[in-house]
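Hi,

Here is the structure I promised to pass on. Have a look at it first, and then read on for my notes.

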Amino acid sequence: MRVGPGAYLLLSAILFAIGVAGVLIRRNAIVVFMCIELMLNAVNLSFITFAKTNGSLDGQVLAFFVMVVAAAEVVVGLGILVAIFRKRSSTSVDDVNLLKG
Amino acid sequence: MHPLAQATTQPLPLPEVDWRAIAPELALAVAGVVLLLVVAFWPRAGRGVLAGLTLAGLAAAAALTVWNWDLERVAFEGAVSLDGITRYARAVLLAVGALATLMVAQGDSREGEPDDSPPEVFPLLLFALLGMVLLAAASDLLVVFIALEILSLSLYVMAGETRRLAAQEAAMKYFLLGAFSSAFLLYGIALCYGATGSTNLLEIADATGDPTADGTLLLAGVGLLAVGFLFKVSAVPFHMWTPDVYQGTPTPVAAFMAAATKVAGFAVFLRVFAGALGGLVVSWRPVIAGAAVLTMLVGAALAVVQTDLKRMLAYSSISHAGYLLVGVAAAATVPAGVSASMFYLLTYAFMVMGAFMVVQYVSRLGPPDDDAIGERSSLEDYRGLARRHPWAAGLLAVFMLALTGIPPLSGFWAKYYVFLAGIEAGLTWLVVVAVISSVISAFFYLRVLVVAYLQEPVGDPGAETAPGRTPALGVALGLAGLLTVAIGLAPEALIAAARSAERILG
Amino acid sequence: MLLTATLFAPLAGALLVALVPAARQESARLVALAASLVTLGLAVVLAARFQTGDAGFQLGMTAEWVPAFGVSYRVGVDGVSLPLVLLTAVLTPLAIAGSWRMADRPRTYLALLLVLETAMLGVFVSLDLFLFYVFWEAVLVPAYFLIGSFGGERRVYAAVKFFVYTLLGGLLMLVGIIALFWLHQQATGTPTFDYEALVDFQKAPSTQRWLFAAFFAAFAIKTPVWPFHTWLPDAYTEAPTTTTVLLAGVMSKLGVYGFLRFALPLFPDGARWAQPVLLTLAVVGILYCALVATMQRDFKTLVAYSSVSHLGFIVLGIFAFNLQGLQGGVFYMVAHGLVIGGLFFITGMLEERRGTRRIEEFGGLQQVVPRMGGVMLVITLGSVALPGLVGFVGEFLTLLGAFLENRVYAVLATVGVILGAVYLLWAYQRMWHGPLEREENRSLPDLTRREWAILAPLVAAIIVLGLFPRPVLDRVEPSAQRVVEQTQAPSP
């Protein structure tokens with residue numbers, strides 16, 4: 001059975017939507033962060049599919065850049081989360097509520 | 001000779017590296033790396049030394065920008081475009097960077113206390129600026145994404161640079177929402193790439209005129225790009241992070257974010273929407289105009305009820321993003337929209353940085369309102385400021401009146417220019433909404449002046465600590481105030497420069 | 001050049017005042033007074049050089065300011081603006097002299113008064129719509145700080161209300177100015193805010209209507225025309241007295257001057273379309289504010305309402321669209337400035353002596369302070385338009401103009417004249433005559449030399465201009481005639 005590019009794009013969209021839903025629903029900062037990573041990887045899938053359909057390499061190059069950037073984000077993001085966790089012993093975004101008004 | 005051997009002797013077709021085109025960016029990168037090494041290997045270097053090095057890097061970048069002033073080309077196979085927006089944004093961003101360096105150099109410690117912001121903030125500032133300058137020059141969506149991440153990652157760390165809980169909380173919120181919005185932007189890039197077959201803005205501009213392109217896919221991509229950009233420039237309904245982040249981060253960083261990210265964000269917003277996607281203006285203008293209405297009104301209305309000056313400035317920056325969106329909405333059809341937005345960014349950057357500088361000055365006057373938040377920025381702290389610190393209060397008045405748009409201060413011309421562009425583009429209704437928002441915003445800017453000038457100081461003024469010596473902050477405040485007044489009295493040269501920035505893409 | 005010097009002399013004075021060291025605040029008074037007297041001197045030279053009989057703008061100056069927007073620095077005076085420039089130049093030194101005893105931050109206060117003078121002069125002499133708008137908004141800032149920083153108990157409320165109200169009107173006018181500029185650029189291709197060019201530019205009647213409405217918003221709020229007057233009693237009552245003198249004496253003329261100089265010549269069709277509305281609002285304002293004034297117990301608020309009521313006559317005269325009405329309107333502006341200034345000065349002097357402004361606290365003052373009573377009588381009679389005093393000429397001419405245009409309005413406005421006489425004379429009678437009941441009032445000192453110096457020029461002007469109004473009217477006439485012709489110009 002041959003699977004057309006539409007199926008990959010649909011999968012990518014579904015993964016992206018799952019990521020968005022996770023960011024909006026989940027309260028644990030680590031899980032929220034993982035959902036964002038899921039969104040980025042969903043986009044990578046789209047890039048590679050489009051690279052295939054367009055017959056150019058740009059999409060694959062982009063996917064590599066996204067992976068590098070995602071790795072950098074992990075470093076910074078986990079650094080911030082660890083700093084907060086040390087002070088609070090909790091990573092729930094609901095506990096972080098000094099700033100409001 | 002054998003054809004294959006002939007082929008191997010030929011050099012590989014590498015893209016031409018146009019060093020001169022990105023010379024200012026390179027200077028910033030080099031300065032950033034040098035500072036990082038200095039911080040790592042000479043831990044006892046004073047803040048003055050670090051600030052001096054940072055300023056030297058900025059000066060080098062500025063000199064290279066001037067050297068490149070008349071250079072007009074598309075470099076790196078269309079990835080970087082040296083056009084009017086690029087050089088105007090470069091100049092503004094470097095000036096903002098210099099002011100921010102002075103604010104950071106002053107630090108947030110009071111007399112006799114150790115400074116708790118680490119020296120790494122200087123290289124981070126340079127890297128953030130590098131990202132911003134590159135963002136303003138980007139003419140390929142890939143470069144847009146990379147530049148955006150360079151500046152965002154630096155800013156996430158800068159936001160949480162101090163050990164105060166509020167700063168870390170702000171950093172976390174900024175990081176999570178920033179990464180979230182980056183993902184939307186990236187998906188938008190992917191869909192645009194899928195629909196047009198390229199990430200280059202010039203090629204996308206050509207493809208949007210092509211009826212065979214996949215319209216639905218392209219529109220979905222444009223929508224997601226809009227969401228991403230609206231997040232970055234903190235437009236309603238994607239503005240929720242702004243007040244928390246501005247209030248929580250150290251004041252110099254908040255000032256830098258408020259001024260510089262807006263400049264870079266709107267520069268790329270203009271190039272992508274008014275430039276590359278100009279052919280689809282009928283589709284996206286209602287969205288941008290709607291966001292402008294919401295941003296202006298919601299920002300102004302929520303600013304009215306704030307009791308903390310930093311939070312109020314955050315909401316005010318949201319409503320200013322709304323006026324800028326009027327410029328973006330106009331820009332696709334009238335070139336004045338581009339120059340009006342660029343001029344607005346210039347004046348706004350100095351006004352808002354000046355306002356934050358006064359906040360920084362006042363927060364040195366006593367213990368923080370709340371240990372966790374760690375800063376003294378409640379409106380109560382400004383009661384009777386005019387009697388105690390007439391110069392600070394006078395400058396505060398200049399910045400507040402300029403933000404309100406009272407002539408002949410710089411903010412007035414900026415607002416006027418945007419209104420003019422809006423009317424020219426046939427968006428008179430939008431300009432009327434902007435006028436209403438301006439009147440609402442007069443309430444809260446005036447309230448600051450009411451508190452500072454018209455109310456008596458509370459408590460014992462003698463209990464206040466002296467602000468200490470503030471040479472760097474003093475220079476920065478003087479410059480911001482001078483620019484705000486001088487641009488108001490003689491705007492001609494800068495408007496002419498903004499006019500020359502109307503040329504986008506190529 | 002002379003006009004530019006007159007315009008910016010107070011601003012230069014304000015900078016000098018601000019530079020006076022804090023330890024020597026008293027010398028700030030001398031600097032401020034000197035600056036305002038220099039301005040007066042320059043204004044007098046200006047008046048002497050003015051060519052009577054010439055309807056156009058004279059003694060002007062033009063320079064580029066922001067050519068990218070078509071904005072230029074263009075100033076000049078004609079018969080309509082010259083008297084108002086003189087009025088401003090006369091009232092400011094008097095207001096500074098009136099603030100001589102001020103103890104609270106005199107330096108700041110005097111500097112703000114001088115900045116206010118430059119801003120108001122700028123409105124009167126601007127011949128570029130944009131420059132006009134800049135000065136128009138610039139008036140707000142010193143006025144806001146004068147009311148809010150130095151005023152009475154509810155000063156903050158009054159100042160914010162004043163600021164937001166006038167800012168709203170000003171911004172609507174700005175939209176109108178931009179639209180006019182843009183229409184002109186579309187039609188002719190030249191970007192300019194030049195007053196004469198925009199007057200000559202033919203506008204469609206339907207466009208004129210909404211543009212007139214935009215300008216109306218600004219002018220009606222500033223004047224104020226009933227029912228946009230609600231900020232005024234608060235602002236006038238709460239402001240320190242010498243500020244109120246400038247607010248009521250000069251700033252209230254900005255709005256009516258705007259109608260006369262800008263709204264009528266720029267949009268003749270729009271003005272004719274709105275004429276019934278404005279005449280009605282003017283008459284309602286005259287009667288309503290007169291009635292409200294009758295019921296006031298605070299003398300300062302009473303004078304504030306009387307000011308609104310009298311401004312109604314000026315609006316009535318201007319919107320009569322004939323020479324008598326316009327000429328009378330301009331003359332009445334001057335007369336009103338002198339009389340209302342005098343009334344507020346006296347209020348301030350009484351308040352300084354007794355610490356109250358309530359009418360029932362006084363009574364029988366004539367026996368204690370006869371000289372002050374005499375001055376008060378002249379000013380009050382000037383205000384109720386006794387023939388032979390300055391108010392009469394203005395009131396007579398505006399009513400005549402209104403009568404020629406539409407009798408009903410004139411007759412109704414005449415009722416307002418009678419009411420005006422009733423409340424002012426009644427207040428005068430309650431305060432200065434009758435039994436001397438209060439013990440505190442027995443020992444009040446009469447006018448000092450400084451107070452004489454303030455009031456004497458006003459009294460002299462009230463009498464002299466009442467007996468010999470011709471010099472002023474002759475200068476106003478050609479320019480007023482020109483406005484009449486512009487207003488009645490047939491639409492394209």
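Chain B and chain A meet through 35 residues from chain B and 33 residues from chain A. Keep in mind that this is a predicted model. On the chain B side, the elements that put in two or more residues are α6 (141-159), α7 (165-196) and α10 (241-248). Of these, α7(B) brings the largest share, 17 residues. Sorted by class, the side of chain B that touches chain A has 21 nonpolar, 9 polar and 5 charged residues.

Chain B also touches chain C. There, 24 residues of chain C are in contact with 24 residues of chain B. Looking from chain C, two or more residues each come from α5 (129-138), α6 (140-150) and α7 (155-188) of chain C. The biggest contributor on that side is α7(C), with 13 residues.

While you have chain C in view, look at how it divides up. The domain assignment gives domain 1 (1-266) and domain 2 (268-487) of chain C. Taken over C-alpha atoms, the centres of these two domains of chain C are 22 Å apart. Between them, 49 residues of domain 1 of chain C are in contact with 53 residues of domain 2 of chain C. On the domain 1 side, at least two residues each are supplied by α3 (81-98), α9 (205-222), α10 (231-238) and α11 (241-266) of chain C. The largest share of that side, 15 residues, is from α11(C). By class, the side of domain 1 of chain C that touches domain 2 of chain C has 32 nonpolar, 13 polar and 4 charged residues.

Now back to chain B as a whole. Its secondary structure comes to 20 helices and 2 strands. Chain B has a radius of gyration of 23 Å, close to the 23 Å that the globule rule gives for 506 residues, so chain B is as compact as a globular protein of that length. Along the principal axes, the C-alpha atoms of chain B fill a box of roughly 90 × 60 × 40 Å. Buried residues account for 67% of the 506 residues in chain B. If you take the contacts in chain B between residues at least 6 apart in sequence, 80% of them join residues at least 24 apart.

One helix to pick out is α4 (residues 84-106) of chain B. This helix has 23 residues and reaches 34 Å from its first C-alpha to its last, close to the 33 Å expected at 1.5 Å a residue. α4(B) is mostly covered, with 21 of its 23 residues buried.

You'll find Pro491(B) in the loop between α19 (471-489) and α20 (492-500) of chain B. Apart from neighbours within four places in sequence, Pro491(B) is in contact with Trp413(B) and Val66(C). Ala330(B) is 161 residues from Pro491(B) along the chain, and their C-alpha atoms are separated by 22 Å.

Cheers

Terms used: Residues numbered from 1 in each chain as written. Chains lettered and ligands numbered in written order. Predicted model: local features only at pLDDT ≥ 70, side-chain atom pairs only at ≥ 80, totals over all residues. Domains from an automatic or database assignment. Contact = placed C-beta atoms within 7 Å. Helix = DSSP H or I, 4+ residues; strand = E, 2+ residues; numbered from the N terminus. Nonpolar A, V, L, I, M, F, W, Y, C, P; charged D, E, K, R; others polar. Rg over C-alpha atoms; globule rule 2.2 N^0.38 Å. Buried ≥ 20, exposed ≤ 12 C-beta atoms within 10 Å, placed from the backbone. Expected span 1.5 Å × (residues − 1).
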